[in-house]
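I opened this entry to record what I looked up in the structure shown below.

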Amino acid sequence: MKKKCGIYICSGCGIDAAVDTQALIKVAEKELKAEACHVHPFLCDDSGLELIKSDLRAGTVDHFVVAACSQRFHQQSFDMGPEHMVLRAPIREYVAWMMEPRDENGKVNEDTQMAAADYIRMYGARVKRMEIPQPFEQDTIKSVLVIGGGITGINAALEVSKAGYPVHLVEKQAELGGAAKEYRSFLPQKAPYRDLEDNQLEELISRLKSKSDISLYPSSTVDAIDGEPGNFTVRIKNGQSQKTVAIGSVILATGGKSYDKNKLTHLGAQFKNVVSSDEFEAMAKTGKLTRQDGSPAKTIAFIQCAGSRDKNHLSYCSSTCCMNSLKQAAYVRQIDPETKAYILYRDMRTPGLYENFYKKQQDDPGIFLTKGEIAQVSEDGERSILIDLDNSLLGDQIQLKADLLVLATGQVSSLVDEESHLNLGYRQGKDLPDLNHGYPDSHFICFPYETRRTGIFSAGPVRHPMDINEAKRDAAGAALKAVQTLELTSMGKSMHPRVGDLSKPDFYLARCTSCKRCTEECPFGMLDEDEKGTPRPNPARCRSCGTCMGACPERIISFADYSIQQISDMIKEVEIPDEFEEKPRILIFACENDSLPAFDMAALNRIRINPYIRIIPVRCLGGINLVFVSDALSVGFDGVMFMGCKFGDDYQCHFVKGSELCNERLSKVQETISRLNLESERIRQFTVTLNDYDKLPEIINDFVTEIDAFGPNPFKGM
Amino acid sequence: MTDRAVINADLKFVQGILNSGGADLKKCYQCSTCTVACPLSEEGVPFPRKEMIYAQWGIRDKLINSVDSWLCHHCNDCSDQCPRGARPGDVMGAIRQMSIRAFSKPSLVAKAANSPLGALLLLLIPMLIIGGVICFLNADQGFDFLTRERIIYANMIPVIAIDLIFMSAAFFAVITMILGLRGFIGGLKKGNPIINGGETLGQAVTGTIRDILSHRKFKECGVNQSRGTAHLLMMYGFIGLFITTNLVLVIHYLHEFGFDIQDTPFPFFHPVKILGNVSALAAFIGIFLITARRLFNQGVGKSSSFDWIFIGVMFLTVLTGIMSQVFRVAEFVEIAFITYYFHLVFVFFLLAFAPHTKFGHLFYRTTAMIYARYCGRSLPLKQD
């Protein structure tokens, strides 16, 4: 069916002050042969929207290009329903607000006008290629699997159940409770955060057991997980017996563990009377604090950061050990008011209102705190431990004597050095990919609970070190994400970060060469393979980033509303002045998550930008196919800039690997470019994040100056 | 063995400081704002940050032997600036108190003199001695001093008896003071080794006396300027009264030995009388200000019994002294004699137990200030 395209040009918000909008009509009518074409002074108000909608009702138009503000504004105003594509040509931000306005006589600047016309052409061409995405629908199983029956798991199960979804809870041990089983008391939980709480585990477990929609699997492990969100098949193993259940999403709450105390021989771990905080917690639970020979311990020292923030052991801060030791010092004083507790710290870290608990403990005359560096821990006979402290608050070189030494060890994820808890049947492996310290790979602040496996969320100390209070909050958050997965998946919609996106990649498998690039590069393990290596998509695992589209050398992967053809059309629509006009053209591919917002920010600040650039937004730089480079160079662009997020170990890519993959692909194409007698410097990737918005003119101008030195692209006009 | 300083936290000592006016000690988190704020703390040898952590850990030796705690004049600039409300100024006061208590001999007297009940018991001593002497001397005359024409206190208790009683009290004070100071100086030497650059003993003594007479150190305080004035009035008042007492003594005995001079009670415009009254007034205003400030907590922390017993006895001594004269002139016979009796009792307490009470700071602080100059305290001390 032929598309009927309408082009609607806004002249408000200062667009008219820089652009001759009437002239753009000519471009739309003559070049693009649009079915309808209007200029309106205020397109997003009621009369403007009515202008568009009346054309829609009359049936003269079914696809729309709105040449006005950037695609990040007024998304809902310009939504014409699921049956109609609306594309946004951003002539307000990237032309009117950033390029030279009309002169004092009201004459428009030639370069500015050309840029506006190009954007009309680019989007007018693209909209003709676009199709309406059809949602991937499947029968969704609306239940959640929780792996791990500790504080996090129990809370997650209760939260999911509270939201009205059935839960399957798998616990490795015979008893529920996890690490909290051993706790004498819990940390303060309510204002003013000064007093310890009783161990509330029993109450929590009985609440869990009273829920009929929570199925418990004690002494069990997960043997296999196959399928995709909304439709996972899980094999639960209990001894020799196995059971298969169908579930929709997964919460991994297998917790953390303490760093192995025995590795800390520099802190005296090999001596008698030296225990880890876990061992001390268990001792405190019995109500007797003793040395190994059973005699009472009257002076108990705590060494903080035992193995933490130490490049030979754990390089990070677990953030919980300070509070834990303060809690245990409180035990010392509760159990015997004559007993002294020494806390030897590097920095006391008691985040937020935990400060109040720290203050309370500090006020106890029997709790002695000092900063210092541990020089040596030695044994004084069988009954005492000597701690040499340098640079302490009490003096440069001091020695302390304790009956019992507690090493406050940090936390490690239960994913480290353990059998797989998930056993995923994914082509990319049975576990969650990790990046740092064995924690599941996701930005733990920006995108909590997310892992690189869609529909599988991590919560609690398995994903970063945390205490019980934090784990409880984490459980609630992950539970909501798990429920969200069930609902969005049932509608065929994408999960984070393109929440609600209906488009999924289409594979024209007849032309697939089974090169496996897509199955390897997908950041989310969406693609499995058949025995020949042909990709077997699991659409519900997809997050619609387009990395597969960029990867495919055969260009057989595309989305209904985002394809290689569409991008290539945009590239080819730009009018390239010939080489004698000395008006170079630079193409910029900008990542929608970070770099495009930087342009918007620059525009809001009216930062003047080079008029020779043309910007094409992409979902992720991972979607950059090398054909874009050859298209751009062959139509005569003098240079191509790729702007995206930071990559590497501290990447900021929403799709994990997109900018890194783009960088890799570009490095491979450079050689080909050189072979064409073109300078490989014409193609370059830049890291541009939102807060780099003020550097944009400089970045672009530097690039343009460099390209100018090479002279115009020789393919111009060919 | 190791040459490291072995630290053993002393819970009891910490509790001692907490109960001696340093109740907020544990709030300190060692930011050292106090040291920066302190107008008396010098570069290289700062306080009171380190005293705060020593006190938190109850490191007795480091504290009672510290000369630094005596350089503090408790102006509370530090407490004013402390972000945690740990009141380092008050803690320094508590440390000095612990120091006096630790060195005072016999320690039982020190303990008694600074607890409310113990102080009452100790007050019984002068009450019984003086009361006993009065009874002994007057019983056979039927206490006729009450019915004589003029109120003459010497009729109740003759000067010679007073002198004998107070000489013994002073003797006790001097002996215990010497014992206390001997230990104290030993402690100072141990805790603050002499380094090159110190003053000679003579320079140190004259310098210190100059500092005390001018109250120079007090004047450097920021938030608590008026405190220096009160203390200054108080101190000069007492010096005046001390001189008056001694002049009276001399004049009395000169008279006894036949010199033709006016014996007590002196007329109103007698120079010694004027000196005595002016001094008494100064002391009264001083002690009144000090008491009021402590009562209404103006820039002063929690006062302990150590403070209150000293201030209270001081106050009562001055008050009964003034009132004795007022009642005598007004001819309230019984009240006048009773007031005078109590005046004697309080003076006895003040004198006899001076080294054990807060009055002892007169000796301890002076000694410490001299030692600080002598040992070259203004150069960095060797940290151990």
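I took helices (H or I, at least four residues) and strands (E, at least two) as DSSP runs, numbered from the N terminus. On that basis I noted 17 helices and 32 strands in chain A.

I worked on a predicted model, where local features need pLDDT of at least 70 and side-chain atom pairs count only at pLDDT 80 or more, while totals for chains, interfaces and linings use all residues. Residues are numbered from 1 along each chain as its sequence is written, chains are lettered from A and ligands numbered from 1 in the order in which they are written, and side-chain values use heavy atoms, with hydrogens and water left out.

I looked up the extent of chain A next: its C-alpha trace spans about 95 × 60 × 55 Å along the principal axes. Of its 718 residues, 58% are buried (under 20% relative accessible area, 1.4 Å probe, protein chains only).

I then checked contacts (heavy atoms within 4.5 Å). Of those in chain A between residues at least 6 apart in sequence, 70% join residues at least 24 apart.

Which residues have the most contacts inside the largest nonpolar core? I defined such a core as buried Ala, Val, Leu, Ile, Met, Phe, Trp, Tyr and Cys residues joined through side-chain atoms within 4.5 Å. The largest has 117 residues, and I listed Ile7(A), Ile588(A), Phe589(A), Phe599(A), Phe642(A) and Met643(A) as those with the most contacts inside it. Helix α4 (residues 110–129) of chain A gives this core its largest share, 8 residues. I also noted a second, separate core of 97 residues, which includes Ala284(A) and Met92(B).

Note on methods
Buried < 20%, exposed > 50% of the residue type's maximum accessible area, 1.4 Å probe, protein only.
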